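Hello,

Here is the model I promised to pass on. Please have a look, and my notes follow below.

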Amino acid sequence: MSFFTLERWSPYITGIGIGVLSWFAFLLSRRPLGVSTAFVRACGLIEMHIRKTKVSKNPYYQKFPPVIEWELIFIAGLLFGSFAAALLSGTFRFEMVPSLWASCFGTNNILRMTVAICGGILVGIGARWAGGCTSGHGISGTLQLAVSSWISVIAFFVGGAITANLLFRIFVP
Amino acid sequence: MTYDRSSHKLTQIIPALGMGFIFGFLLQKGGVTHYDVLVGQLLFYDFTVVKIMLSAIVTGMIGIYLMKSFGLVELYPKYGSAGSTLMGGLIFGVGFGLLGYCPGTAIGAAAQGNIDALIGGIGGILIGARIYAALFAYLDKKVLHKGEFGDITFPELLKVNPWVIIIPLSIIIIALFFVFESIGV
């Protein structure tokens, strides 16, 4: 029981757990784990409610209709799972600016939120452009030995490493 | 990509929710819902992210290809092309470097109280998805299919039995783990 209240698990145990979870996704749900499609469903649903019109004229929403489906329910579970894990180890804490960011760029909330939103927008665009994110391509695709996923995950990390190193090692004020 | 019909039936609500819960729980316990850990990987001093991903890949690869050889599961490799995979991947990477979270870990981080993951991560990614939906028609015609190689897997590409790749790859990955631990990342 005290295993579940630990703040941090071995990355190897965690990874094996995720791998085993993938087995069950393939067996029970006949699909790989993935996250970014849920964001398309969610934003389609939000848009439908705001505009009170069918959004189905958009060809991307024709490909990914704004309905509640597996991935959206999966990320709801993700939210609760992470919350439960944080609660159990007492690590739930409201935080506006992460400590690594603050150590280089200060605790100005507006600055952090602005950069975070810009980053988030690019993550959203990039994930859908590539056809998946670090879960769908980075884990599920690579374990299937899909060429697209191995290229994706390398591109994710090359882009990410260049950006983070520019930010933290070159542009540091 | 839409998967087998069965993933849309009502009976899938419990598996989807349950597996999501376990995934989120594992991500949080693993430490990858923390900005410092994720960016620490990009800055090459904390290899938690790579350790988790590679452990998942070895485990997943062996289990799923074993089950496939018994006809228990199918594969669902994603389509790829230079115009979609490479371009999209790099754009994602830049965003990842700025945001410090990916879609899954942003949700996990928001769930442990990180407001920047909530606003920038969940909010930003939703906006990004909407922007992409607007760009898609154009991109699909002009960009996404340039240099396409489709949904091919490495065993198919190299025309080898999957285990010819899986076994050496697993050995290399496990060797890498020893390297990481000895360097102390």
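How many residues does helix α6 of chain B have, and how far does the helix reach from its first C-alpha to its last? Helix α6 of chain B (residues 115-142) has 28 residues and reaches 37 Å, close to the 40 Å expected at 1.5 Å a residue (times one less than its number of residues). A kink of about 55° is centred on B:Leu135 in this helix; the bend is the angle between axes fitted to the seven residues ending there and the seven starting there.

A word on conventions: this is a predicted model, where local features need pLDDT of at least 70 and side-chain atom pairs count only at pLDDT 80 or more, while totals for chains, interfaces and linings use all residues. Residues are numbered from 1 along each chain, chains are lettered from A in the order written, and side-chain values use heavy atoms, without hydrogens or water.

Now the interface. In chain A, 120 residues are in contact with 119 residues of chain B (heavy atoms within 4.5 Å). The rule finds 2 salt bridges across the interface of chain A and chain B (a side-chain nitrogen of Lys or Arg within 4 Å of a carboxyl oxygen of Asp or Glu). A:Glu47 forms a salt bridge with B:Arg130, with the closest N and O atoms 2.4 Å apart.

Over all chains the structure holds 7 salt bridges. One of them joins A:Glu69 to A:Arg41, at 3.6 Å between the closest N and O atoms.

Best wishes

Notes:
Helix = DSSP H or I, 4+ residues; strand = E, 2+ residues; numbered from the N terminus.
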